[in-house]
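Subject: Structure handover

Hello,

Here is the structure I said I would pass on. Please look through it first, then read the notes below.

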Amino acid sequence: MSGVYQLEIKETLDELRKLLRVQKTASDRERIQLLYLLKSEQAQTITIAASLLGRHRVTVQKWLSRYRTGGIENLLTHKPRTGRKQSIPLWAQRALEKELQQEPGFESYHEICQWLSSKLGIKSNYKTVHKLVHYRFQASPKVPRPFSSKQSQEKVEGFKKKMAENLALISWYALVVLGMNKKIRFFCQDETRIGLKTISGRRITARGVKPKGKVQWQFKAIRIADSTLLSQRRCAKSAHLYGIVEPKTGEHFFYEFSHLNSDCFQVFLNFISEYFADSILILQLDQAGCHRAKKLQIPSNIIFLFQPSHSPETNPIETVWQHLKRGLRWKLPKTLDELRQLISHRLEKMTHEVIHSITGRKSILDALSVAGI
């Protein structure tokens, strides 16, 4: 019969199975599988073996010829790749990969080309740089996380490092000095503005198709002379959502107010003080004017822990607002009542487990554990 092979395979079936399991490339696995098919007589001819492997008969014959002359080692030996010299040497690629891991990154692929030229003396075109950075390094343009130019990085780092110490000190003060025999809990507090202005976001479309998004621009409140507070609230185009979240358990409390001021904040403090009357609440919050107003009457079971100024990223509730508004992208409510329905539906899905997964940062949970809270 044409195609019948004349070859003695020295390895046993068990040895071939073991070799098959340890191969790291598809090509090497195919070559061992060829020997296994012939050894186990699942393929009686080279033509059948080539058909089972999806390879051309001539390719299979070359593999068997290499095995005949040098065994398994020769069969699995690959010829060194030949080709033109890389325009970006390996040492330059490593330097670029290291630079991509640093902040603030590059603005564009053209800037990377300029960096390679000015810093490393490597001239490369846009296409080569894009292929290397985007496909090999898996790096792509991202929206930077904004932070204030007035932020003190030293204060932010100090706040994080001393979190456990501060929590332990506040806990001791509440239990020993004030004599409050209640459970101590840590919450994060903040406010966010909600309005009828459309929240935009990315859309996935086919290549070459520019997505469009319908928007509405109302955000400021409409003032009507000689109108009641109720009618003003109905005509308003924005409001403020006050909230607290507990990173340890995900428990939360939200309430809507018309303004962001000390009066509304005072009412909110009274609400959460009564809602958590059986606990002492340590509230981490920013240094907004309404939070530091002298006329505030802080309830006896609430203790403030101010975070450094201009550092919203230290407060996990910021990610809760992002998660909340992510579900409101491209929505077009005509009134605040419609917006409230959307927010209520969104908040219903934000269970304790969801909020805990969002806000339960390891640094905070470790600090709470050390402080015994």
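In helix 6, the buried residues are Tyr-109, Ile-112, Cys-113, Trp-115 and Leu-116. Buried means under 20% relative accessible area, exposed over 50%, and partly exposed in between, with a 1.4 Å probe and protein chains only. Gln-114 and Ser-118 are exposed, on the face of helix 6 turned away from the buried side.

This is a predicted model, in which local features need pLDDT of at least 70 and side-chain atom pairs count only at pLDDT 80 or more, while totals for chains, interfaces and linings use all residues. Residues are numbered from 1 along each chain as its sequence is written, and side-chain values use heavy atoms, with hydrogens and water left out.

Helices (H or I, at least four residues) and strands (E, at least two) are DSSP runs, numbered from the N terminus. What does helix 6 pack against? Its buried residues pack against helix 5 (90-100) and helix 7 (126-136). Helix 6 covers residues 109-120, and at 1.5 Å a residue its twelve residues should span 16 Å, which agrees with end C-alpha atoms 16 Å apart. The expected span is 1.5 Å times one less than the number of residues. Just after helix 6, Gly-121 has a positive phi of about 70 degrees.

The largest pocket holds about 890 Å³ of space. Among its 26 lining residues, Glu-103, Pro-104, Gly-105, Pro-144 and Arg-145 are the closest to its centre. Helix 6 and helix 8 (153-161) are the elements that give two or more residues to the lining, and helix 8 gives the most, with three. A pocket is an open set of points on a 1 Å grid over the protein atoms alone, where a 1.4 Å probe fits, with protein on both sides within 12 Å along at least five of seven lines; lining residues have an atom within 4 Å of a point. Grid points are joined across faces, edges and corners, and the volume is the space filled by probe spheres set on the points.

Ser-279 is found in strand 4 (residues 279-285). Ser-279 is buried, with a relative accessible area of 1%. Leaving aside neighbours within four places in sequence, Ser-279 is in contact (heavy atoms within 4.5 Å) with Lys-182, Lys-183, Arg-185 and Asn-301.

Regards
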